[in-house]
Amino acid sequence: MTDQRSQAEIVRQSLKRRYRKERRFRLYGILAIFIALASLFILFADIIGKGHTGFVKTTITLDVPLNSDAMYLDDPTDKDQISMADFSAPIIAALQTHFPEAEGGSARRELARMVGSYAPSEVRRLLEKNPELLNTTQTMEFLAHDTVSVYVKHADNPSYSIRLSERQQGWVDELVEKGVIDTSFNDVLFSRGDSREPGNAGILGAIVGSLLTMLVTLAISFPMGIAAAIYLEEFAPQNRITDFIEVNINNLAAVPSIIFGLLGLAVFIGLFGMPRSVPVVGGLVLALMTLPTIIISSRAAIKSVPPSIREAAEGIGASKMQVVLHHVVPLAMPGMLTGSIIGMAQALGETAPLLLIGMVAFIVDVPDGFFSSATVLPVQIYLWASSSEQGFVELASAGIMVLLAFMISMNALAIWLRKRLERRW
Amino acid sequence: MQTANLLPLVLVLAVVAYGLAFMRSRAVAAPLGGIRNLKALPFYYAARAALWSAIPALVVLAAWAGFEGKVIQGIVIASLPQDVWPESAGQASLILSQISNVAAGKLNPDFVPEHIAGAAGLLETLREQSRTFKAILVLLIAVLGAAFAWSRVAPHINARESVERTLRRIFFVCAAVAVLTTVGIVFSVIFETVRFFGRVPITEFLFGTSWSPQTALRADQVGSDGAFGMIPLFTGTLLISAIALLVAVPVGLLSAIYLSEYATKRVRATVKPLMEMLAGVPTVVYGFFAALTVAPFIRDLAEMIGLEASSQSALAAGLVMGVMIIPFVSSLSDDVINAVPQTLRDGSLALGATQSETMKNVIFPAALPGIIGGILLAASRAIGETMIVVMAAGLAANLTANPLDSVTTVTVQIATLLVGDQEFDSAKTLSAFALGMMLFVVTLLLNVIALKIVRKYREQYD
């Protein structure tokens, strides 16, 4: 009797401690989830904070006096004269109308560095196209120089102004007040390829490169993945060869992606002599990489089709192939599509193997075919992120936002497809 | 004609063959009293014609396109006068690029030796001939295949069986591509690795403690002592992976436990997809985050408390990599925890244990093998991860265990050694393939062991 009571006593006394432990354990779990979600939040906040300025361009609108004397140009149709003429002079003159006190060599140089280095060639192109505009004054909009652009975008942060002289800072402040320097949506970002100057660089080339590469990947890995899954689920005999293939697929799914780059380098470029840095080779490598993912998810989709469907089709005399192609595959298609879209999203974000097959070259032109040199979005981000210029870092984060937008919409499409089409048996 | 133009042409021919065979099968069936008297539906006769037309032609086209470049190069090199034959692969590629530049009109033929200019002419003619022959051969095969299938449209032939047989074979080939890929990986690393060990002794590669492939560029230093020791790379990889696992394992495991045992359905439904988003973020984004945000932050923090930290510290790369593999650990642990039978849980709770006691003393031990398997898979992920370390870890091969120092990893070295133009026979380039081989072997072993453990564990409760 006393023994039992004392035991209950012991239990009661320890309960408090045990419940405390229970609460602590629960807290650890919440803390872990908090850490994971906080990292996700910080990651996104950091990238948006760094990159939102990448979607903004800084322009300077000037009334440019196209005086023939200042440019040493009498006849814009004369090729020799055009190539010798000084097209930065009218821009400097236009800026000097705002700052009459800026005379002399160093002031002129600093004025010239207010606009991007492509500004003089814009004047030249205008005159080449419209020779009659010589000796008139035209209102032109130029991209601001990178340093000016960074200074304007980060007006509240003094650490971004170090690359402008104090005099230039004063000019910029004045021009911003007058509305001559203005910021607007960065359409350059979506209409050009890479450039040595951040203001002139865009991600269109990389987006087109990614698109071409993904088309090759999709064209190869989707049909092949589904065919392989059908074979393994429906036709493969239970033998060693089948086992070997299955083990292979499972292991390939976990091989580091950079190894696929080595494969592409040695086989596609080394053995078959294919050119470097083209979307075809990139697409092939990524196709081999995503194949296991697609096979595994397609097999799961085929497995989830209930046997009653098969039996019913067989019962009315369909051949095995007819059962599979007419009944099983259409029913498994939503699952297969979902898996393939997720696999493609992975391939879209992949960088490492593409570095090895040379898709890291500096490419200005937007690629125009499967065999033209190209780069892809993640590689472009990598290239820009490795640059020390603030303007490129902004572009890299802007590129990341575009890449993430693509990936999130692909995943959303996959989820939508699954919700919309998947049937529960 | 270019391969790119030939491909759609072959497909058009296949469609034409389909249409013709379809019509013929109906025509054949008409006098017999309708398609009921055929052994197969007209669709199968037509499909057979399309397959017969397209498949042999495509196989020939792929083989030709794959090897024409190499064969033409071989012929061009062989046509050069004997005294200028290239002695090494590097020299050969130099001569070839010169020849193709002349042929493409990028280089004035007057500026190069006469034999190069001659070879350029030969290259042009060979390419022209190859293009013509390829087009003729491929189209001929496509037409012949279609014609043969067309002639065999007869009521007594069961086209369905032959179409289904062919499809089965195609499916098998697709499944076998996985094996071919593995074979391709093994061969692409093994040849270069063997060549590498011909120059640098294997013992030095495995046990050397200094890694500086750049010095070996100079001819008199090829294979110089200690330039290709992989120990510092290996320890660097281990250091960063260990930091990553130190972050990912507790966080991933505890969140999986909370989500599967404590969380309400609604919390689970919102938190799980959010955590999976972490797995979907491209690695280049993590690399950007590690290099431009975390690494400077850690350096400043270390400076504040009076420590010296590199701006490319192992800690930054490791922490971010840890965040990246949290979802792997948590979803794999979630699977194994859910696989533990409910009876074990109920039994423990009925005896008066609290939920956390049940978790710690009953479920966790039962799930342990599966969890270890999951951790091994995560470790193999961490070892093979490239972009985070390329962007956030350094290039200097320091042999150190200090997480604030800069270390380099196997994947970083592979990427830096092989990016850009490289000659295929310098020890520097070959060493990247040897490193790739090590990486492949190590991750493969980890995966095989992990999958075995997980499978064995699953069988236990099935």
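Among contacts in chain B between residues at least 6 apart in sequence, 73% join residues at least 24 apart. The model is predicted. Chain B is built with 15 helices and 0 strands, and its contact with chain A involves 71 residues of chain B and 67 residues of chain A.

**Chain B as a whole**

- The radius of gyration of chain B is 31 Å, whereas a compact globule of 462 residues would have one near 23 Å.
- Buried residues make up 42% of the 462 residues of chain B.

**The side of chain B that touches chain A**

- On chain B, 71 residues take part, in contact with 67 residues of chain A.
- Helix α5 (residues 159–199) of chain B supplies the largest share of this side, with 19 residues.
- By residue class, the side of chain B that touches chain A has 47 nonpolar, 20 polar and 4 charged residues.

**A helix pair across the two chains**

- Two packed helices are described by the angle between their axes and the distance between the axes.
- Helix α16 (residues 377–385) of chain A and helix α9 (residues 283–304) of chain B have axes that come within 10 Å and cross at roughly 10°.
- Angles under 35 degrees count as roughly parallel, and α16(A) and α9(B) are therefore roughly parallel to each other.
- From α16(A), the contact uses Pro378(A), Ile381(A), Tyr382(A) and Ala385(A).
- From α9(B), the contact uses Val284(B), Phe288(B), Ala291(B) and Leu292(B).
- The residues of this contact comprise 8 nonpolar, no polar and no charged.

**The sheet in chain A**

- Chain A contains an open sheet of 3 strands in the order β2-β1-β3, with antiparallel pairing.
- Strands β2 (137–143) and β3 (181–185) of chain A are at the edges and have a single partner strand each, so one side of each is left without a neighbour in the sheet.
- From one strand to the next, the twist averages 35°.
- Strands of a sheet pair through backbone hydrogen bonds, either parallel or antiparallel.
- Strand β1 (residues 56–65) of chain A pairs with β3(A) in the antiparallel sense, over 5 bridges.
- Opposite Val56(A) stands Phe185(A) in β3(A).

Definitions and conventions. Residues are numbered from 1 along each chain as its sequence is written. Chains are lettered from A and ligands numbered from 1 in the order in which they are written. This is a predicted model: local features need pLDDT of at least 70, side-chain atom pairs count only at pLDDT 80 or more; totals for chains, interfaces and linings use all residues. Two residues are in contact if their C-beta atoms, placed from the backbone, lie within 7 Å. Helices (H or I, at least four residues) and strands (E, at least two) are DSSP runs, numbered from the N terminus. Ala, Val, Leu, Ile, Met, Phe, Trp, Tyr, Cys and Pro count as nonpolar, Asp, Glu, Lys and Arg as charged, and the others, Gly among them, as polar. Axes are lines fitted to C-alpha atoms, for helices over the stretch in contact, and angles run from 0 to 180 degrees between N-to-C directions. Angles under 35 degrees count as roughly parallel, over 145 as roughly antiparallel, 65 to 115 as roughly perpendicular and the rest as oblique. The radius of gyration is taken over C-alpha atoms; the globule rule is 2.2 Å times the number of residues to the power 0.38. A residue is buried if 20 or more other C-beta atoms lie within 10 Å of its own, exposed if 12 or fewer, and partly exposed in between; C-beta atoms are placed from the backbone. Two strands pair if DSSP finds at least two bridges between them.
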